Amino acid sequence: MVKNKRSISDGSKTAKTDVKPVIEVKNLSKTYGKKSTAFKALNDINLSIYPGETVAIIGKSGSGKSTLMHLMALLDKPTSGSVRILGTDASKLKGKKLNHLRNEYFGFVFQQFFMNSNDSVLENVILPLKISGVRGRTRKKRALEALDIVDLENKAKNKANNLSGGQKQRVCIARAIVNNPKVIFADEPTGNLDSGTGKKIIDLLFGLNKEKGVTLIIVTHDEDLAALCGRQIRISDGELVKETASTARTLRNASIKEGDKEDK
Amino acid sequence: MRTRDIIKTANTNLLRNKVRSALTILAIFVGSFTIILNTAISAGVNNFIDKQLSSIGGEGYLEMTQTEAMESMMSMLNASNVQEYTDDKDSRNNSFYIKPEQIEAGRKIDGVKSLEPLADASVDYVTGPKTSKRYRATFNLIVDGINLDMASGKAPEINSSEYQIALTDAYAKALGYENLDDVVGEKITIAVPSTLKCYTSENRKDCQTLLTVTVTGVQAPGILAISGPRTNLTLWNKIHEINVAGLPASSASEYYQAVAEVDPDKIDEIKEQLKELGLTAMSVEDEAGSIKSFLDVMVTVLNIFGGIALVAASIGIINTLLMSVQERTKEIGLMKALGMSRLKIFFSFSCEAIALGFWGSIFGTVVSMIIGTIINAVLHGEGMILESFPTFELVQFSPATVIPVILLIMFISFIAGTAPALKAARKDPIEALRYE
Ligand SMILES: Nc1ncnc2c1ncn2[C@@H]1O[C@H](COP(=O)(O)OP(=O)(O)OP(=O)(O)O)[C@@H](O)[C@H]1O
Ligand SMILES: [Mg+2]
């Protein structure tokens, strides 16, 4: 069922049916707390995401979107069920491999930013490069390039805490893309932005998808943003209620500038 | 993450909480200061003692007395000990003297280069051309192989045909020579009594022989018991000869002491064998030993205080780091989410602990060096105890003593930091990210 839907998704590279999913979720459940306070945040979720796809996870507040994203990004462990990354069971990924995945294969934009507020903007963007062991000058250059992309090069030296909400969100996006990840998880990437800046960020993310084949997993409650994605996964009270695919028409109507022209 | 980055980050993090880090460093400082200063003092004193040892005849020099003499002296002190007299030779009190058989046997011991009985030599007084006063004196003999530490001039030549003497600072000054160099080559006078003659003389003067002696130099001050003017063998023998003039040969050759030059490597076995011969031998080190062991006790006690301060400081380190881990829960979670390994997170917190230890001990070193220099200067000042020991630095620093202490303190800090660092390394990224 999923495979059929995928064939009409936007990424041209994913059209072949023999391609392994980047992320495959099977019977995934997550329960928070124990016994009396136990709360089932996710219940028996199944889905596959293929390389180059753009997937929106939508749902009301508290429906379990962030929980699902954290599980898929291997930041958290499921109560039951499995997450497979490129065919490998995530529970078997340990130490070095897991860290490598988090550092170089995944890029994260967290809902609450998670920045080191006392460090400079540049330091924050450099962090993933520092962790992966990139040397001083190169990493500074790359971080500045990433900041340039989100239009914040002039704020590089500022203390991260002194930025506006939207600026912080853009710093987080710069941090997410700085290590050239293959998969970007973005939790409400436009949540704090005005429509103009929001559109810029969306264009940026979709541009990465078009040009580099980066897989996008975007958590949002914004229907318009969701409609731009190749696929929408609707979550309600921890259950996957509906999976839809945008038709070529909806995609075109949504007018992703360059990406759209290329498509024709 | 590169090691360099981790170390840099650790220092940056310490600077973030300047007051807290400074207080922790202060606690480490107290411990390290105590230990480093203490080590430096013990190094200084030990060095000084060693230098003294090599000046008074060095390693291969043994002085011996009749063991029985010591024992009977002890038993005489014990009033309840009454011994029966026999006609046996050993029953007589002259068994205090070292017997010629013992000397002979001692010379045959493997490793003994020479063993000579030491005649007594006593003088009544010394005086000089620049003073009318006469001063009482007890002389010592220079021994072959001795390296006298001289403050001016040179040591007497043991077998010179001249009567030679090396004075001490105090005698040179008493005889009217303020400048120690002026006394070199001067002729002084000593008065030597003849024991037998003095029994019958009404006037002490009548039994004294005056000798003219050349001063070859002044000895540098020493803290060991054996210090006083030292004569060469020629003069010593002459004094003895005058002392015993007219006495029957048997009593003229009664010796309380003997000295030996031995192979320093075999000194312990030689002492053991001499003991079997009935001779108690003491090396210069044995004499210095009591001073050293007192010093060791003192150093140990002070080091225990330093150690206690360090234990308290370690608790400070643990506390500081636990607070740091708590405060930076989010940061740790982020680093983990971005792929930083447990080991490196552990290492980065350990680095902070080590850095605290490093700065604390560096600070301790610097301050103890400053205070040590002040102590040295003060003690060498006028009227202070070290005024007459210009070459003796009480507080002596050397990389060989300071660096191990610094490394030890860094190691202790590392140990103290392991628990907080482990706590940080074990944090779950998602829990940590949610932490507000
Ligand atoms: N650590 C936790 N302990 C207990 N309950 C939790 C925990 N984390 C999340 N939850 C609960 O799980 C449910 C899903 O949370 P989640 O953060 O995934 O929601 P969301 O869909 O991202 O909502 P939003 O759009 O507001 O961000 C919520 O009801 C939340 O209260
Ligand atoms: Mg959320």
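Where is Glu188(A) found? I located Glu188(A) in the loop between strand 7 and helix 7 of chain A.

**Entry 1. Conventions.** I worked on a predicted model, in which local features need pLDDT of at least 70, side-chain atom pairs count only at pLDDT 80 or more, and totals for chains, interfaces and linings use all residues. Residues are numbered from 1 along each chain as its sequence is written, chains are lettered from A and ligands numbered from 1 in the order in which they are written, and side-chain values use heavy atoms, with hydrogens and water left out. I took helices (H or I, at least four residues) and strands (E, at least two) as DSSP runs, numbered from the N terminus.

**Entry 2. Positive phi in chain A.** I noted that phi of Glu188(A) is near 50°, a positive value in a residue other than glycine. Most residues other than glycine have a negative phi. Glu188(A) is buried, with a relative accessible area of 9%; buried means under 20%, exposed over 50%, and partly exposed in between (1.4 Å probe, protein chains only). I then looked up Leu86(A), which has a positive phi of about 50° although it is not a glycine. Leu86(A) sits in the loop between strand 4 and strand 5 (88-89) of chain A. With a relative accessible area of 36%, Leu86(A) is partly exposed.

**Entry 3. Chain A overall.** I recorded ten helices and ten strands in chain A. Of its 264 residues, 55% count as buried. Among the contacts in chain A with a separation of 6 or more, 69% come from residues 24 or more positions apart; contact means heavy atoms within 4.5 Å.

**Entry 4. Six-stranded sheet of chain A.** In which order do the six strands of the open sheet in chain A stand? I read the order as 6-7-8-3-9-10, with mixed pairing. Two strands pair if DSSP finds at least two bridges between them. Strand 6 and strand 10 (239-245) of chain A stand at the edges with a single partner strand each, so one side of each lacks a neighbour in the sheet. Neighbouring strands of this sheet are turned by 15° against each other on average, direction ignored. For such angles, axes are lines fitted to C-alpha atoms, for helices over the stretch in contact, and the angles run from 0 to 180 degrees between N-to-C directions. Helix 7 (residues 195-212) of chain A packs on the sheet and touches strand 3, strand 7 (183-187) and strand 8 (215-220) of chain A. The direction of helix 7 makes about 155° with that of strand 8 of chain A. Within the sheet, strand 3 (residues 54-59) and strand 9 (residues 231-236) of chain A run parallel and are joined by five bridges. Ala56(A) stands opposite Gln232(A) in strand 9 of chain A.

**Entry 5. Partners of strand 1 in chain A.** I found strand 1 (residues 23-32) paired with strand 4 (residues 80-85) of chain A in the antiparallel sense over five bridges. Here Ser29(A) stands opposite Ser80(A). Strand 1 is also joined to strand 2 (residues 39-49) of chain A by seven bridges, again antiparallel, and Leu28(A) stands opposite Ile45(A). Strand 1 and strand 2 of chain A form a hairpin with six residues between them, and Gly33(A) in the turn has a positive phi of about 75°.

**Entry 6. Magnesium site.** Which residues coordinate the magnesium ion (ligand 2)? I listed Ser66(A) (OG) and Gln111(A) (OE1), at 1.9 to 2.2 Å. The pair links distant parts of the chain, 45 residues apart: Ser66(A) lies in helix 2 (residues 65-72) of chain A and Gln111(A) in the loop between strand 6 (106-109) and helix 4 (121-131) of chain A. Donors are N, O and S atoms within 2.8 Å of the metal (3.2 Å for Na, K and Ca); water is not among the atoms, so sites may look incomplete. Gln111(A) counts as partly exposed, at 34% relative accessibility.

**Entry 7. Sheet of chain B.** I noted four strands in an open antiparallel sheet, in the order 2-10-1-11. Strand 2 (112-118) and strand 11 (279-283) of chain B are the edge strands, each pairing on one side only. The twist averages 25° from one strand to the next. Helix 4 (residues 100-108) of chain B lies across strand 1, strand 2, strand 10 and strand 11 of chain B, at about 160° to strand 2.
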